[in-house]
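Keep the structure open as you read.

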Amino acid sequence: MTVSKTAEKSSEKSGEATKGRKDAPETLPEALQLGELSEQLGYVLKRAQLKVFENFLRCMASLQLTPAQFSVLLLVEKNPGRNQTEIASTLGILRPNFVAMLDNLESRDLCARIRSTNDRRSHILVLTDKGKAVLARAKKLVATKHEARLNELLGQANREALLGMLSKIANEF
């Protein structure tokens with residue numbers, strides 16, 4: 001194996017820089033004080049969403065599905081023959097982002113766009129056989145890992161109450 005002279009010199013310098021230093025344990029900085037931010041519902045909702053999405057992504061790593069992709073596949077399954085504009089609108093996904101997501105799902109052979117017979121400018125979305133199989137596996141993972149963890153954390157009564165409150169915000173705010 002050959003090592004460049006620059007890499008050797010850099011390695012020597014970093015080694016010299018640590019010579020003579022005491023191995024004092026590093027102290028971690030004190031956590032930032034959030035103040036009023038910790039009482040802001042929007043902030044706390046966003047932090048919770050990030051944690052939920054992180055867990056979802058870990059659970060779905062083997063299938064390489066994001067929460068948005070999973071949502072699209074679920075809606076396409078439950079609403080056969082609906083067009084891509086309706087699906088995107090229901091999920092609140094902007095058209096350019098949705099087109100890119102569909103391109104990805106199509107390239108993975110999970111769904112297909114078919115020109116509508118009623119409106120040739122429109123495309124309906126369908127799941128492929130592979131898409132149905134992946135969605136079935138994803139639903140099992142969500143139920144047994146992701147939602148199960150949330151249910152364990154919250155309990156059934158709190159889960160139902162939280163769903164109700166979040167639905168109220170989503171529908172009425």
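Start with D109, which sits in the loop between helix 5 (95–107) and strand 1 (111–115). Helices here are DSSP runs of H or I with at least four residues, strands are runs of E with at least two, and both are numbered from the N terminus. This is a predicted model, where local features need pLDDT of at least 70, side-chain atom pairs count only at pLDDT 80 or more, and totals for chains, interfaces and linings use all residues. Residues are numbered from 1 along each chain as its sequence is written, and side-chain values use heavy atoms, leaving out hydrogens and water.

What's the phi of D109? It is positive, about 60 degrees, although D109 is not a glycine. Most residues other than glycine have a negative phi. D109 counts as partly exposed because its relative accessibility is 40%; buried means under 20% relative accessible area, exposed over 50%, and partly exposed in between (1.4 Å probe, protein chains only).

Now hop to Q64, in the loop between helix 2 and helix 3 (67–78). Q64 isn't a glycine either, and its phi is positive, near 55 degrees. With a relative accessible area of 59%, Q64 is exposed.

R47 is in helix 2, and at 42% relative accessibility it is partly exposed.
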